[in-house]
Amino acid sequence: MFKKKPLTVAMTVALASALALTGCGSSNNNGNAAGETNTGGNAPAEGNAGGNAATAEKVTLKMMHLWPAGSSKQQNMIVNDIIAQYQEANPNVTIKQEILENEQYKNKLKVLSASNDLPDVGMTWAAGFLTPYVKGQLFAPLDDTLEGGLKDSFVSGTTEAYAVDGKTYALPLELNITPVYYNKAIFSKYNLEVPQTYADFQKVVETLQSNGVAPIALGNKDRWTGSLWYMYLADRLGGPETLKNAINRSGSFEDPSLVKAAEDVQALVNGSAFNKGFNGLSNDEGKSEFMNGKAAMYLMGTWELPNFTTNESVPQEFRDSVGFFKFPTIEGGKGNIDSWVGGPGVGLFVAENSKVKEEAKKFVKFFVEKWGEQSVTKAGVIPATKVDTSKVQLPQMYIDILNELGKASNITLFADVQMSPAVAQTHLNMIQALFGKEVSPADFAKNHEEALKQEAGK
Amino acid sequence: MDKVMSNKKMIALYVLPALALVLALIYVPIVLTGYYGLMKWDGIGAMEFVGLDNYSRLVQDSAFWQSAYHALLLALFSALSLIAYLAVALVLSGEIKGANLLRKIYLIPMLLSSVAIAQLWLKIYHPTNGVVNSLLASLGFEGTIEWLSDTRIVLIAIFIPIIWQYAGFYILIYYAALKNIPSSLVEAARIDGANPLQIALRVKLPLIASVSKVTVVLAIVGSLKYFDLIYVMTDGGPNGASEVMASYMYDQAFRSFDFGYGSAIGFFLLLICLVVTWLIRKLTAGEEIQYS
Amino acid sequence: MAQTLAAPGSAARAAGRPAGRVFGMALLYAVLGAIAVLQVFPLIWLLFFSLKDNQEVFNMSPFALPTDPKWENYAKVWTEGNISRYFFNSVWYTVAAVVLTVLLASLVTFALTRMNWKLKKPVLGLFMVGIMIPIHSTLIPLFQMFMKANLTDHPLSIILTYTAFNLPLTIMILLGFYQTLPREVEEAAVMDGCSVNRIFFQIILPMTASVIATTVIINMIYNWNEFVFVNTFISSDGLKTLTVGIQNFIGQYTTDWGAIGATLMISILPILIVFFILSNRIVEGMTAGSVKG
């Protein structure tokens, strides 16, 4: 009798470990299933993969990204495609993927960083997000990979967003700007023209509002969505430098134009410019107001372009009725109409303490080049590398956007990416409070100023 | 009796495996959280010892106290909701036809993950085509109630799904406790002429007192460290109006990269739970009742 | 069983009740029925949700029937991603952790309530504090510990964590029940010369069948739906659980809600079935209990 209980426990443990072994043994080597279906028949890699000898040591590269096959099918396919090409050219290299969705990805990156166990290659965001990792010496400088012409293939200013103290720590994959999309059908129904000035824009809002149409779709639970509106108003009023200087501490956030921009936001809220309940809706929910034709305008990044051009699950009729315009200029303001809010999105980093750092850098370089060749045509993602519009087949809206990108006078990086993480949280909370009229424009500016000061004093 | 049931070896054998697991996987993190709470640390670079700086900041942080107040309110509502769940369990465990089926149905929502529950309630609360507002509109109510973006009502709006989410959990526990009462005791009371209400209040309730005490502790501690639905449905917003301690801690540690401060909040939260639990046990201290 | 035993008596009494009583019962059933409808709604909603696309999810009333049921959501979920592998992992992590938790918790609770030793109170206190730590405070320390033990990306990290984090809760629930068990039975058993193991496994454990069923249900639901630990400790796709199926459809900028609904629907069915089976055990446990009384 005495032996009975320990035996039970021992059996449970034994069973658990036996199962553990089977679980381990069958763990796969290459990301998820959708990838496996297309790693097969790809064109052999080109020379620049630097196919080193098959005799080389076996190398396993860990890569973490946020493009699961379910929601980001095309991106995921391209990633698998590039990996297959690289592995073919470098038979000694195996690349293991780990895929997490956005939020979980950020959490895991945090845990891995605290444990100094980052993957060899992973994704990061620019500026404020990246700086703590660079200061903590977790990311490797990638300037050597930029030599030999790669630097010139990037749209100017994009790699700089990932630079700290003159060294570049990640290579960007995406470049987005944020136009105002509008529903042409609704505009023509109420005889509205695309507004050139902010006064015109206000009239458009008024007309739509008085006709019972929600003028602007917004889901501000996510908060960076409302930030876009504030940033444009700040840019058009004070010019691109005012906000940048306030953030980099050569200026003040209590600059009159930054306060005025906050006032203008509240004027829009007071004029019922946004759909109902916007402060409690996610971006997905806000967007649906535009997608179902209930709201007339939507300010969002160019990552939405597939929904307005190629995405078959969106009705053709709706896709055809979407146009875009540049955020109008404000009379007396210093901003110009070719100045954009946007910037590079995710970029690839190489971990500083990676045991296969050189191989990882080589892979990142290869990845960026290959990505640039196909991301826009296959996945509708505008890469940070230059796209020759004359050589690729693209929907007209893409060509228009790429042309606008070509003549952009300035791109101001999304405020929550520009700022350090702690200040970004203050900014985002303040944005939601501003839109909810919980804070006065003056206090909005003051709170920013205090947070920025405190951060600078650290 | 005493000798057999005091066998040290057996006691160790029964208690130590579980205790070892809990000490290793829960206490080590608790101790480390306390330790990180004394540091200035972004979770990435080097740590710097700052003593009680994080705690003095905490004491002056009005956003934290707001979140603590919200969590305490949630704890209060959760504790009160137990009365309703107990009532349902009493009815279900009585002599009602179809109780078996009803019980199963009542517990279904408990099986849903927080992701599903959050999506369901987001749809219920949607300002324009949500269930509640559509219903109000069909009753002739004018105007739109913005359940999750109005700072005055968001807290109550978010409490409802949280409390509902745990209905199954508590009904299940109460039901099992009530079913565990030997039917001879209930029968004896009935022969003495007690009506169902008297049986419930005078016989059944006292017999499940120890279970009830446990549920009160669980409800209150669970509320104080609650996170899931708030994170998905409002993210603590708008502007902190539905922030609770755990979501505030998450914001500081994982979003603001202030892991030291986040850990201090986590540790403080633990202390609050300890104090509250101690109070509950003091207040409800009494004789343990046994069936005889 | 319980109902059938009790029914004749209650029917006889109901016959003798005045009209007011009958009306009261009718009202009671109306209320109970209304609650039941409310509680089934989520499941129906989820079914509808899983058959819609984003457009319908956002623009239609949540309880509206999908205009054109998107069964392809299920096909998508089934083909994209390793769902059978995730399913297998979910089942065995859950089963292993539940068995381990309930067994260990029962042993502890038995020792705490039936055996005589000095450190009972502090040990109980140690377990209770275990429910007070917010999950996100534990992620980094736990990850580092598992890394040192070479257990990251290993099923044991998940099973042990689930067990440790559910033990305090399970012990607390068991405690309330153990405290009410009559002592006469085990006193008699001790007189007969039974060992502690025999008293526990052959006398006490069967007596607690109903609460064991209860804790198994609770543990099972928690483990089945858990994803924060899985995401943090596991990196190989082949070791992940059904909850990653949801993530598979959350994009950088947009999310495929219909597919998420289908994933949720697929993952709820198995535990719904197990729940219905176990749920009967609670009543049967009572029957076992009545024998002892």
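Visitor: Which helix gives the most to the nonpolar patch?

Guide: The model is predicted. In it, α4(B) gives the most to the nonpolar patch, with four residues.

Visitor: What makes this a nonpolar surface patch?

Guide: The patch is made by Leu76(B), Phe77(B), Leu80(B), Ile83(B), Ile156(B) and Ile160(B), with an area of about 560 Å². A patch of this kind takes residues with over 30% relative accessible area and joins their nonpolar side chains within 5 Å.

Visitor: Which elements give two or more residues to the patch?

Guide: They are α4 (62-93) and α8 (154-165) of chain B. Phe77(B), for instance, has its place in helix α4 of chain B.

Visitor: Why is the pair Glu98(A) and Lys240(C) called a salt bridge?

Guide: The N to O distance between the side chains of Glu98(A) and Lys240(C) is 3.9 Å. The cut-off for a Lys nitrogen and a Glu carboxyl oxygen is 4 Å, so the pair qualifies. Across the interface of chain C and chain A the rule finds one salt bridge.

Visitor: How many residue pairs are in polar contact between chain C and chain A?

Guide: The count is 16, with both residues at pLDDT 80 or more. On the side of chain C that touches chain A, α5(C) provides the largest share, six residues. By class, that side has 20 nonpolar, 20 polar and five charged residues.

Visitor: What is the extent of the interface between chain C and chain A?

Guide: These two chains bury about 4400 Å² between them, 59% of it on carbon and sulfur atoms. The contact involves 45 residues from chain C and 52 residues from chain A.

Visitor: What are the corresponding values for chain C and chain B?

Guide: Chain C and chain B bury about 9400 Å² between them, and 74% of this lies on carbon and sulfur atoms. In chain C, Gln39(C), Met132(C) and His136(C) lose the most area to chain B, together 8% of what that side buries.

Visitor: How many salt bridges and polar contacts does the rule find across the interface of chain C and chain B?

Guide: The rule finds zero salt bridges there, but 17 residue pairs in polar contact, both residues at pLDDT 80 or more. Helix α14 (residues 257-292) of chain C gives the most to the side of chain C that touches chain B, with 14 residues. The residues of that side divide into 75 nonpolar, 24 polar and six charged.

Key
Residues numbered from 1 in each chain as written. Chains lettered and ligands numbered in written order. Predicted model: local features only at pLDDT ≥ 70, side-chain atom pairs only at ≥ 80, totals over all residues. Heavy atoms only, no water. Contact = heavy atoms within 4.5 Å. Buried area = accessible area lost by both parts, 1.4 Å probe. Polar contact = N/O pair within 3.5 Å; in protein donor to acceptor, adjacent residues only side chain to side chain. Nonpolar A, V, L, I, M, F, W, Y, C, P; charged D, E, K, R; others polar. Patch = residues over 30% accessible without salt bridge, like charges linked within 9 Å, V, L, I, M, F, W, Y side chains within 5 Å. Areas by Shrake-Rupley, 256 points an atom, 1.4 Å probe, with all protein chains shown as cover.
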